[in-house]
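Please look through the sequence and the model below.

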Amino acid sequence: MNAIPAAADPDSAYVRIANLTKRFGDFVAVDDVSLDIRRGEIFCLLGGSGSGKTTLLRMLAGFELPSAGTIRIDGADMSAIPPYERPVNMMFQSYALFPHMSVEKNVAFGLEQEGLGREQIRRQVGEILDIVKMGGFGARKPHQLSGGQRQRVALARALVKRPKLLLLDEPLAALDRKLREHTQFELINIQQRLGVTFIVVTHDQEEAMTLGSRLGVMNHGRIAQIGTPSDIYESPATRFVADFIGSVNMFEGRVSDDGADGLRIDCTELGCTVRAPRTASCTRGATVWTAIRPEKINISRQPPAAAGQPGPAENAVRGTVREIAYMGDMSVYLVQIDSGSMMRVTLPNVMRGAERPIAREESVWLSWHGSSPVVLTE
Amino acid sequence: MRLTTASGRRLVAGIPILWLLVLFLVPFIIVFRISFSEVRLAIPPYTPLLTWRHGSPVLQLHWSAYRFLFTDPLYISSYLYSLKVAAVSTLCCLGLGYPMAYAIARSDAASRPVLLMLIVLPFWTSFLLRVYAWIGLLKNNGVINNVLMYLGVIHHPLALLQTDFAVYIGIVYSYLPFMILPLYANLEKHDGTLLEAAADLGARPLRAFVRVTLPQSFAGIVAGALLVFIPAVGEYVIPTLLGRTDQIMIGRVLSDEFFENRDWPVASAVAIVILLLLVVPIMLFQRLERRELEAAR
């Protein structure tokens with residue numbers, strides 16, 4: 001394997017998607033998307049249904065022709081190349097295994113099209129089946145396999161030709177939760193071993209965060225944000241992204257001060273002043289949205305130290321617990337704050353059977369650190 | 001409550017069983033029994049199977065009807081001719097029907113019922129009438145010859161009627177829907193992503209068809225082929241109206257034995273041998289179907 005690690009040349013675009021648009025009649029499925037994907041990385045396209053992520057993937061595979069724009073893979077323009085000549089393979093959401101062929105025959109299919117010798121095909125099929133841990137199942141038919149085994153065969157079939165680019169359409173959607181978690185790490189493992197560039201389409205943000213070295217969040221056919229999983233989670237660029245990835249408490253407000261020590265935002269919906277890190281595009285008087293992740297909020301019976309000072313409270317509100325959902329590893333509190341709005345707070349259940357847990361209808365203080373709120377302008 | 005469901009179930013299963021028993025098995029046994037008799041001038045025109053001699057029953061099995069089938073070359077040549085006509089017609093139906101079924105299965109959902117309707121539409125006219133209509137088209141001063149002569153393509157009428165060609169036309173025309181419908185039912189269920197997967201793995205469209213679509217439609221091909229082949233072997237009307245006079249098919253032999261020669265035992269033996277010839281492909285088909293069902297589960 002002579003794959004170049006992603007870190008070696010981070011600026012090189014191995015797959016370059018430029019101004020790509022796909023229209024179906026009046027409907028614009030993919031709208032002027034430009035995207036660079038690096039060699040050897042796992043890039044996740046994340047979006048809801050109808051966001052255009054699958055159409056984008058199908059254009060990369062060659063099943064759909066772009067209405068406008070270009071796709072280049074390793075420098076070569078793909079516009080006029082039919083699917084059967086592209087250096088790209090796809091793992092289908094339904095796996096699309098040939099039901100009348102054995103596992104071995106399924107995996108060998110792609111190599112047979114290249115006209116390789118029988119002995120070489122047998123060897124390469126054996127190798128890839130060992131990599132996906134399906135070595136002993138070569139003679140089985142797809143209907144004799146479990147869902148997880150089929151997924152492995154589909155992966156082997158897509159990888160056996162060592163494509164320049166592997167497209168994975170919801171690769172783990174058909175697996176149950178436990179198996180999915182396990183398979184995620186194995187997929188990363190195999191990808192690193194073979195050095196093939198992966199593009200994964202998924203609607204599952206957890207899957208995208210675990211798998212992807214970078215994510216592209218799609219909405220209405222456009223890319224809303226591109227970045228590493230932590231970029232996207234901690235610094236969402238838009239309200240859509242903040243809301244789509246994880247859960248968030250979002251309140252409209254007005255910038256009352258943009259001093260050197262940070263922003264000061266008056267939130268009537270929240271009933272307190274929010275102090276947040278400075279962002280370049282915010283000026284005094286602008287209407288903004290502050291987004292605070294539920295796990296970054298502290299919940300306590302006592303007022304936080306800063307709230308004891310005179311004047312309107314900063315980064316702290318009072319409220320009443322309305323609902324508690326126990327999830328095992330954590331608990332979700334729905335708190336109605338004094339302004340009437342609801343806030344969502346999550347707390348890890350660190351101790352087993354805590355002494356005096358906060359109960360429903362109890363009056364509490366919610367507070368957060370000044371670096372926690374994200375200020376969004378669009 | 002339980003009793004009524006059980007008896008209800010028995011009734012539902014019982015009706016088709018009774019139907020098959022009375023209208024298929026009993027006639028079959030009668031024909032089978034007659035085939036082991038000898039012809040005689042009486043009513044009924046065959047010897048009884050059991051005779052009473054000295055107060056005890058004696059079974060009298062005569063093999064003469066079967067022996068006769070294999071000594072007179074008329075029967076063997078008719079069997080072979082029928083098998084040939086049925087086989088060629090089946091292949092023609094497959095060649096014509098597969099692309100049609102494929103096209104219907106691939107057409108958009110709105111036009112599919114219309115296209116299927118067009119396939120079934122000929123059944124609205126009597127079968128006999130449609131075969132007669134072919135006489136009008138194929139005869140020496142029929143539509144086809146007249147048009148060709150008028151256009152100057154030919155100067156003497158072509159002998160189309162009373163040829164093998166006319167029989168093939170008649171059988172293919174009449175049985176084509178029986179090929180198309182099971183093929184359509186099969187092809188319609190195919191998963192389009194499998195063809196995409198084949199293309200993705202480097203197979204050109206024709207190769208993807210040969211490696212993916214064709215093998216998966218095998219059950220449909222077999223079903224359609226049997227639905228054409230089996231009735232074509234015993235076909236009576238089409239070869240009688242359109243076919244040769246020097247070479248007749250086995251269905252015609254059967255009817256001649258019954259109604260012209262009044263030789264019921266030989267006629268019955270002819271029928272039994274046809275059945276034996278057809279049992280083999282039917283059993284093959286059923287085995288395939290069972291395998292198909294297991295794979296689908």
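## A helix pair in chain B

The crossing of H7(B) and H10(B) is right-handed. A crossing counts as right-handed if the near helix is turned clockwise from the far one by less than a right angle, and as left-handed if anticlockwise. H7 covers residues 164-187 of chain B, and H10 covers residues 218-233 of chain B. Their axes come within 8 Å and cross at roughly 155 degrees. That makes H7(B) roughly antiparallel to H10(B). The cut-offs are these: under 35 degrees is roughly parallel, over 145 roughly antiparallel, 65 to 115 roughly perpendicular, and the rest oblique. Axes are lines fitted to C-alpha atoms, for helices over the stretch in contact, and angles run from 0 to 180 degrees between N-to-C directions.

Which residues make the contact? H7(B) contributes several, including B:Ile171, B:Tyr175 and B:Phe178. Among those from H10(B) are B:Leu227, B:Val228 and B:Pro231. Two residues are in contact if their C-beta atoms, placed from the backbone, lie within 7 Å. By class, the contact has 15 nonpolar, three polar and no charged residues. Here Ala, Val, Leu, Ile, Met, Phe, Trp, Tyr, Cys and Pro count as nonpolar, Asp, Glu, Lys and Arg as charged, and the others, Gly among them, as polar.

## Reading the model

This is a predicted model: local features need pLDDT of at least 70, side-chain atom pairs count only at pLDDT 80 or more, and totals for chains, interfaces and linings use all residues. Residues are numbered from 1 along each chain as its sequence is written, while chains are lettered from A and ligands numbered from 1 in the order in which they are written.

Helices (H or I, at least four residues) and strands (E, at least two) are DSSP runs, numbered from the N terminus. Two strands pair if DSSP finds at least two bridges between them.

## A helix pair in chain A

H2 (residues 103-113) and H3 (residues 118-131) of chain A pack at an angle of about 125 degrees. Their axes are 9 Å apart. That makes H2(A) oblique to H3(A). The crossing is right-handed.

From H2(A), A:Glu104, A:Val107, A:Ala108, A:Leu111 and A:Glu112 take part. They meet A:Ile121, A:Gln124, A:Val125, A:Ile128 and A:Leu129 in H3(A). The contact divides into seven nonpolar, one polar and two charged residues.

## The antiparallel sheet

Five strands of chain A form an open sheet, in the order S15-S19-S16-S17-S18, with antiparallel pairing. Strands S15 (297-300) and S18 (342-348) stand at the edges, each with a single partner strand, so one side of each has no neighbour in the sheet. The twist averages 45 degrees from one strand to the next.

Now follow the pairs. S15(A) is joined by four bridges to S19 (residues 363-368) of chain A. There, A:Asn298 stands opposite A:Ser367. S16 (residues 316-326) pairs with S19(A) over five bridges, and A:Thr320 faces A:Ser363. Seven bridges join S16(A) to S17 (residues 330-337) of chain A. One bridge pair is A:Ile324 with A:Tyr333. S16(A) and S17(A) form a hairpin with three residues between them. In the turn, A:Gly328 has a positive phi of about 95 degrees.

## The mixed sheet

What is the order of the six strands in the other open sheet? The order is S6-S7-S8-S3-S9-S10 in chain A, and the pairing is mixed. S6 (88-91) and S10 (222-227) are the edge strands, each with a single partner, so one side of each is left without a neighbour in the sheet. Neighbouring strands are turned by 20 degrees against each other on average, direction ignored.

S3 (residues 42-47) and S9 (residues 214-219) of chain A pair in the parallel sense over five bridges. A:Leu46 has A:Val217 as its bridge partner in S9(A).

## Domains and chains

Chain A is assigned domain 1 (6-240) and domain 2 (247-376). Such bounds come from an automatic or database domain assignment. The domain centres, taken over C-alpha atoms, are 39 Å apart. Four residues of domain 1 and five of domain 2 make the contact.

Between the chains, 14 residues of chain B are in contact with 17 residues of chain A. H8 (192-200) and H9 (205-216) of chain B each supply at least two residues of the chain B side. H8(B) gives the most, with six residues. The chain B side divides into eight nonpolar, three polar and three charged residues.
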